[in-house]
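Dear colleague,

Please find the structure below, together with its sequence.

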Amino acid sequence: KGFAHGTLMKDKMNEFYPRTFAFFESQFVETINQTVPWIPKSAADWVARVGLDVALDLTFDLMFPFIPKHFTEEMKGIAAATGVDYKMIRRIHMIGELTQGHCSMFGAWGNATVRGHVLQLRALDWDITGPFQDFPQVTIYHEEEGSNSNSFANVGWTGWIGSISGMSSAATAISEIGVTFPDSSFGKQSR
């Protein structure tokens, strides 16, 4: 999967991954400078470059027992097809786990809708100065014969294989969400 995906979208991925990682680094530097503005820019740049890599690698190591094999295989396939470093691809996919981002979503059904159908809306509450809006992509994953899965559409960006929004052929939709002030209905937080 990853090799075909990377082959089809090679040029876009070769732009998306470096721009996205540079954006994350700049956000990290900005955060450091707002917290400790007396740190020289060169030092903050170094911390962002080395510290962010370490934090994202550690996040991957902690998450690894819960990551399906096909996810890492797809990232490796993309790396092989595009020439983008596998670790960069992997790190970019760990940013949501590291930051525990907070986005908005809405669902309505039954008497809350005109026809009683389920409606779902998701808003990605990320900074619009980043590169994401330049790389929109809906990727269709087809059910694999003999697997216990459904075909699904992954709504995200070029080269993004983690699902933050999507819908399956079984009419099931997902919205990745984090909350700032969860009540008891959200259950136990993972961190």
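Which side chain does that of Lys69 meet in a salt bridge? The partner is Glu73, at 3.7 Å from N to O; a salt bridge here is a side-chain nitrogen of Lys or Arg within 4 Å of a carboxyl oxygen of Asp or Glu.

Before the remaining findings, two notes on the basis of this account. The model is predicted, so local features need pLDDT of at least 70 and side-chain atom pairs count only at pLDDT 80 or more, while totals for chains, interfaces and linings use all residues. Residues are numbered from 1 along each chain as its sequence is written, and side-chain values use heavy atoms, with hydrogens and water left out.

Salt bridges

By the rule above, the count comes to six salt bridges. Lys69 and Glu73 both lie in helix 4, four residues apart, about one turn of the helix. Helices (H or I, at least four residues) and strands (E, at least two) are DSSP runs, numbered from the N terminus. Lys69 is exposed, with a relative accessible area of 63%, whereas Glu73 is partly exposed at 43%. The terms mean under 20% relative accessible area for buried, over 50% for exposed and in between for partly exposed (1.4 Å probe, protein chains only).

Arg19 forms a salt bridge with Asp134, the closest N and O atoms being 2.7 Å apart. This pair links distant parts of the chain, 115 residues apart: Arg19 is in helix 2, and Asp134 is in the loop between strand 2 (119-123) and strand 3 (136-141). Arg19 is partly exposed at 33%, and Asp134 is partly exposed at 40%.

In the salt bridge of Arg91 with Asp53, the closest N and O atoms are 3.7 Å apart. Arg91 belongs to helix 5 (residues 86-99) and Asp53 to helix 3 (residues 41-63), so the pair ties together parts that are 38 residues apart in sequence. Arg91 is buried at 13%, and Asp53 is buried at 18%. A network of salt bridges links Asp53, Asp57, Arg90 and Arg91.

Helices 2 and 4

The axes of helix 2 (residues 10-35) and helix 4 (residues 69-82) come within 10 Å and cross at roughly 105 degrees. Helix 2 is therefore roughly perpendicular to helix 4 (angles of 65 to 115 degrees count as such). Axes are lines fitted to C-alpha atoms, for helices over the stretch in contact, and angles run from 0 to 180 degrees between N-to-C directions. Lys10, Met13, Asn14 and Tyr17 in helix 2 meet Ile78, Ala81 and Thr82 in helix 4, contact meaning heavy atoms within 4.5 Å.

With kind regards

Definitions and conventions: Parallel < 35°, antiparallel > 145°, perpendicular 65-115°, else oblique.
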